[in-house]
Amino acid sequence: MGMSNLTRLSEFILIGLSSYPEDQKPLFVLFLIMYLVILVGNLLIILAIHSDPTLQNPMYFFLSILSFAGICYTTVVVPKMLVNFLSEAKTISYAECLAQMYFFLVSGNIDSYLLAAMAIDCYVAICNLFHYVTVMNHRRCMLLVAFSIAFSCLHSLLHALLVNRLTFCASNVIQHFFCDVNPVLKLACSSTSVNEIVARTEGMASVMAPCICIVISYLRILIAVFNIRSVAGKCKAFSTCSSHLTVVTLFYGSIGYVYFHPLSSYTVRDRVATIIYTVLTSMLNPFIYSLRNKDMKQGLEKLVSRIKAQMDMLSTTQANKIRGS
């Protein structure tokens with residue numbers, strides 16, 4: 001095909017989760033409920049942590065940032081999904097597609113590096129408890145978060161710019177429910193070899209670095225736990241990290257399934273697996289961290305009690321105004 005026939009597309013069509021019209025409204029209701037749960041659950045986690053003095057430590061600081069990143073992660077994808085469920089023209093402009101891809105990569109990488117920072121926090125809390133306050137001081141925590149955000153932005157910009165240099169022709173139908181890198185690359189008419197080389201080198205390194213950090217942290221935690229003689233001590237150590245380990249397994253398990261195979265084999269199963277780390281993990285985070293964490297559960301109970309007290313006070317004030325008038 002000559003270069004004269006290669007034109008830049010003005011928009012893409014997102015195929016979504018299902019092409020059957022009868023599935024669109026049930027899917028809309030399902031994902032709307034999930035999105036609302038994500039917003040409310042993660043906002044409650046953030047408010048509980050920032051309003052309770054007993055939760056002012058590095059673990060909960062990282063958890064509050066992770067909850068905020070989870071809200072951003074799903075907000076990049078789900079609102080557009082909801083619109084497309086109720087729309088016949090499931091289109092997304094070229095610029096909007098690139099923007100969605102960029103912010104999706106940013107949010108996903110921030111999640112990944114925050115999980116690594118939380119693994120380091122668990123390691124220090126169990127293996128180096130007496131120096132915990134010194135090692136995990138506020139300055140170091142802020143530096144870890146700043147690095148996570150800065151590196152994620154630069155990494156995502158690189159991949160977005162590499163996609164922007166490609167030429168798209170013929171089909172503009174993305175076999176996905178959002179503009180992920182792999183489905184978009186499949187539509188390119190020009191060579192994607194540079195994109196694939198960068199994905200397998202820089203991209204793999206950016207994913208594996210936090211993953212290796214998590215693995216090493218947990219190996220050292222396991223060694224430390226096995227050296228604890230009392231059963232109660234071992235249970236306490238495991239309970240400290242069980243919530244984090246559950247989230248890590250969900251997040252990296254689904255990402256590994258989607259991305260660690262050839263580009264040509266991207267299928268419907270990958271779309272379903274993508275839901276796990278884009279929507280399901282963010283939705284389950286508040287439940288995992290609150291139900292399996294006594295301090296977090298108490299913090300949420302205090303927050304709910306304060307909200308109820310304020311609502312009661314407000315309703316009493318309104319009732320007194322009505323009586324007075």
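**Cysteines and cores**

Cys-97 is buried, at 2% relative accessibility (buried means under 20% relative accessible area, exposed over 50% and partly exposed in between, with a 1.4 Å probe and protein chains only). This is a predicted model, where local features need pLDDT of at least 70, side-chain atom pairs count only at pLDDT 80 or more, and totals for chains, interfaces and linings use all residues. Residues are numbered from 1 along each chain as its sequence is written, and side-chain values use heavy atoms, leaving out hydrogens and water.

**The disulfide**
- The structure holds one disulfide, meaning a pair of cysteine sulfur atoms within 2.5 Å.
- Cys-97 is joined to Cys-179, with 2.0 Å from S to S.
- Cys-97 sits in helix α3 (residues 94-127) and Cys-179 in the loop between β3 (173-174) and α6 (181-185), so the pair ties together parts 82 residues apart in sequence. Helices (H or I, at least four residues) and strands (E, at least two) are DSSP runs, numbered from the N terminus.
- Cys-179 is buried too, with a relative accessible area of 0%.

**Other cysteines**
- Cys-141 is buried at 2%, and its sulfur is too far for a bond, 12 Å from the closest cysteine sulfur, in Cys-122.
- Cys-127 is partly exposed, at 29% relative accessibility.

**Nonpolar cores**
- The largest nonpolar core has 65 residues, and Phe-31, Leu-115 and Ile-221 are among those touching the most other members. Such a core is a set of buried Ala, Val, Leu, Ile, Met, Phe, Trp, Tyr and Cys residues joined through side-chain atoms within 4.5 Å.
- Helix α3 gives the most to this core, with 14 residues.
- A second, separate core of 19 residues includes Leu-9 and Phe-12.
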